[in-house]
Amino acid sequence: MKKYPLLDMSHPTVQQASDFIFKNARLLDRLRFAHLSGQGSPEAVLQALAAYQNKDGGFGHALEPDIRSPYSQPQGAEFALHLMDEVGIYPESIMTGLGQFLERQSNPVTGGWPYSFRSVNEHPHAPWWTTESDDTASINPSGSIVALLLKSRNWHPFLKEKWLNRAIQYVWDTVESADLTGFHNRIQAVHFLEQQTDEPRATVVKARVDQYLSKPGVIELDPKAEGYVHKVLDWAPDSTSYAVQFVPEHIISLHLDHLISEQKDDGGWPISWEPLSSAAENEWRGHLTIQRLKTLSSYGRI
């Protein structure tokens with residue numbers, strides 16, 4: 001778990017963000033903010049998270065705000081694992097069901113999980129989630145799901161399960177042999193490799209990833225670049241991120257300055273894509289506002 005300093009409620013940036021969050025964000029994110037500012041408990045966050053879990057053990061109900069479906073999706077599992085990682089607790093009441101869901105939905109041949117299930121098409125969703133086939137595993141979100149399960153290995157017995165070992169092998173096969181394209185696939189590989197500090201086979205893959213991240217334009221260095229681009233703080237959202245080593249300190253500082261300047265008059269941070277709905281936009285902005293505060297806290301700016 002990444003240890004974040006408690007957010008300083010006397011800091012103007014945090015005060016403005018607090019107003020936005022309590023006016024606009026969903027309960028889950030209000031409780032996350034309370035926890036991160038020392039005013040609430042991790043148990044309250046987990047109680048709110050559990051409301052998004054279905055009987056099949058997976059997560060739906062717009063936990064990922066651009067997927068409005070009540071049905072469980074692989075992206076919901078990844079989202080839930082990230083939130084449990086944030087509070088540093090993986091309760092058995094949640095993890096048992098989640099493990100059963102991941103086992104049932106794992107590709108029986110290759111391991112891993114698809115990008116999304118076709119059930120996503122039955123309810124409003126952002127266009128990039130539309131799925132015609134869900135019988136093929138995808139590095140997104142399999143890479144991060146596996147990485148988070150490995151990171152939380154002391155909290156659950158899943159490492160003994162064949163489905164997780166197949167998923168690990170699938171991610172290895174993908175990062176070793178596939179020509180991964182795009183931020184969302186590459187960052188999944190990075191998350192996985194971050195958990196492979198003692199694995200000799202990671203050396204070759206990391207060298208290839210390092211070469212890619214060093215190429216001009218892969219990490220957008222212009223803090224004012226517009227559109228759906230992926231800048232320094234997308235690749236390195238905290239000071240211990242893998243990609244930090246590829247960006248000079250003064251460039252990181254410029255991006256932190258710009259991040260602070262992007263805070264809107266209402267106290268929240270904007271999203272950089274077309275919102276599905278006003279509800280989805282507010283939910284994403286609440287989530288991202290907390291992510292921005294965590295970034296600024298990690299780099300010592302607040």
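Asp 29 and Arg 26 are both buried, where buried means under 20% relative accessible area, exposed over 50% and partly exposed in between (1.4 Å probe, protein chains only). Their side chains meet in a salt bridge, N to O, at 3.1 Å. A salt bridge is a side-chain nitrogen of Lys or Arg within 4 Å of a carboxyl oxygen of Asp or Glu. The model is predicted: local features need pLDDT of at least 70, side-chain atom pairs count only at pLDDT 80 or more, and totals for chains, interfaces and linings use all residues. Residues are numbered from 1 along each chain as its sequence is written, and side-chain values use heavy atoms, with hydrogens and water left out.

Ten salt bridges are found in the whole structure. One of them joins Lys 294 to Glu 86, with the closest N and O atoms 2.6 Å apart. This pair links distant parts of the chain. Lys 294 is in helix α12 (residues 278-298), Glu 86 is in helix α4 (residues 74-87), and 208 residues separate them. Helices (H or I, at least four residues) and strands (E, at least two) are DSSP runs, numbered from the N terminus. Both Lys 294 and Glu 86 are buried. A network of salt bridges links Arg 26, Asp 29, Arg 32, Glu 86 and Lys 294.

Another salt bridge is formed by Arg 201 and Glu 176, whose closest N and O atoms are 3.0 Å apart. Arg 201 lies in the loop between α8 (183-194) and α9 (202-214), and Glu 176 lies in helix α7, so the pair ties together parts that are 25 residues apart in sequence. Arg 201 is partly exposed, at 30% relative accessibility. Glu 176 is also partly exposed, with a relative accessible area of 30%.

Helix α2 (residues 27-36) has seven of its ten residues buried, so it is largely enclosed by the rest of the structure. The buried residues are Leu 28, Asp 29, Arg 32, Phe 33, Ala 34, His 35 and Leu 36. They pack against α1 (12-24), α3 (42-50), α4 and α12. Contact here means heavy atoms within 4.5 Å. Gly 38 follows α2 and has a positive phi, near 80°.

Helix α12 also holds Gly 286. Gly 286 counts as buried because its relative accessibility is 0%. Leaving aside neighbours within four places in sequence, Gly 286 is in contact with Phe 20, Ala 25 and Asp 29. The C-alpha atoms of Gly 286 and Tyr 115 are separated by 24 Å, and the two residues are 171 residues apart along the chain.

In soluble globular proteins, nonpolar side chains tend to be buried together. A nonpolar core is a set of buried Ala, Val, Leu, Ile, Met, Phe, Trp, Tyr and Cys residues joined through side-chain atoms within 4.5 Å. The largest such core has 81 residues, among which Leu 49 and Met 84 touch the most other members. Helix α7 (residues 162-177) supplies the largest share of this core, with eight residues. Neighbours within four places in sequence aside, Leu 49 is in contact with Leu 28, Phe 59, Leu 63, Ala 80, Leu 83, Met 84 and Ile 94.

Ser 119 sits in the loop between α5 (92-105) and α6 (139-151). Ser 119 is buried because its relative accessible area is 19%. Not counting residues up to four places away in sequence, Ser 119 touches Ser 69, Tyr 71 and Gln 73. With Gln 73, the side chains make a polar contact at 3.1 Å. A polar contact is a pair of N or O atoms within 3.5 Å; within protein, one must be able to donate a hydrogen and the other to accept it, and residues adjacent in sequence count only if both atoms are side-chain atoms.

A cavity is a set of points where a 1.4 Å probe fits but cannot get out. A pocket is an open set with protein on both sides within 12 Å along at least five of seven lines, and lining residues have an atom within 4 Å of a point. Grid points are joined across faces, edges and corners, and a volume is the space filled by probe spheres set on the points. The count comes to one cavity of 30 Å³ or more. The largest cavity holds about 50 Å³ of space. Its lining includes Ser 69, Tyr 71 and Gln 73. The second largest pocket has a volume of about 210 Å³. Of its 15 lining residues, Leu 180, Arg 186, Arg 208, Val 209 and Tyr 212 lie nearest its centre. Helix α9 gives the most to this lining, with six residues.
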